[in-house]
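This report describes a predicted model.

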Amino acid sequence: MFVCVCAGVTDQQIIDAAKTECSADSLAAKLGVGENCGSCLDYFYELAMGEGLPLVAVETKEVVFERVLLTA
Ligand code: FES
């Protein structure tokens with residue numbers, strides 16, 4: 001079933017792609033979901049978060065440490 005008609009993205013594509021993404025936001029950007037009319041976003045986030053993805057990427061201690069090093 002199509003979730004995002006504008007981008008032609010199905011629920012199965014979202015479920016498959018969710019296995020390799022770290023957040024719902026990065027998954028939406030990767031698939032182009034929600035970039036036109038946006039009417040799909042509620043269902044998209046429900047589906048992506050149901051697959052265990054957080055809304056936004058959770059920063060790890062390593063990422064924070066790297067940012068500290070880069071700005072020092
Ligand atoms: S249906 Fe997804 S952006 Fe329009």
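## Order of elements

Followed along the sequence, the predicted protein has the pattern β-β-α-α-α-α, which corresponds to 4 helices and 2 strands. Of the contacts in the protein with a separation of 6 or more, 57% are accounted for by residues 24 or more positions apart.

Buried residues make up 21% of the 72 residues in the protein. The largest nonpolar core has 14 residues, and those that touch the most other members are Ile14, Leu27, Val33, Phe44 and Ala48. Two or more residues come to this core from each of β1 (2–4), α1, α2 and α3, with α2 giving the most, at 4 residues.

Val33, one of the core residues that touch the most other members, also shows which parts of the chain meet around it. When neighbours within four places in sequence are left aside, the contacts of Val33 are Cys4, Ala7, Val9, Ala28, Cys40 and Phe44.

Leu31 lies in helix α2, which spans residues 24–31. Is this residue buried or exposed? With 22 other C-beta atoms within 10 Å, Leu31 is buried, because the cut-off for a buried residue is 20 or more such atoms.

Leaving aside neighbours within four places in sequence, Leu31 is in contact with Ala7, Val9, Gln13, Ile14 and Ala17.

## Packing of α1 and α3

Two packed helices are described by the angle between their axes and the distance between the axes. Helix α1 (residues 11–18) packs with helix α3 (residues 41–50) at an angle of about 40°, and their axes are 9 Å apart. The two helices are therefore oblique to each other, since an angle under 35 degrees would be needed for them to count as roughly parallel. The crossing of α1 and α3 is right-handed.

On the side of α1 the contact is made by Asp11, Ile14 and Ala18, and on the side of α3 by Phe44, Leu47 and Ala48. By class, this contact of α1 with α3 has 5 nonpolar residues, 1 charged residue and no polar residues. Ile14, Phe44 and Ala48, which take part in this contact, are also among the residues that touch the most other members of the largest nonpolar core.

Note on methods: Residues numbered from 1 in each chain as written. Predicted model: local features only at pLDDT ≥ 70, side-chain atom pairs only at ≥ 80, totals over all residues. Buried ≥ 20, exposed ≤ 12 C-beta atoms within 10 Å, placed from the backbone. Contact = placed C-beta atoms within 7 Å. Axes fitted to C-alpha atoms, helices over the stretch in contact; angles between N-to-C directions. Parallel < 35°, antiparallel > 145°, perpendicular 65-115°, else oblique. Left-handed = near helix turned anticlockwise from the far one by under 90°. Nonpolar A, V, L, I, M, F, W, Y, C, P; charged D, E, K, R; others polar. Core = buried A, V, L, I, M, F, W, Y, C linked by C-beta atoms within 7 Å.
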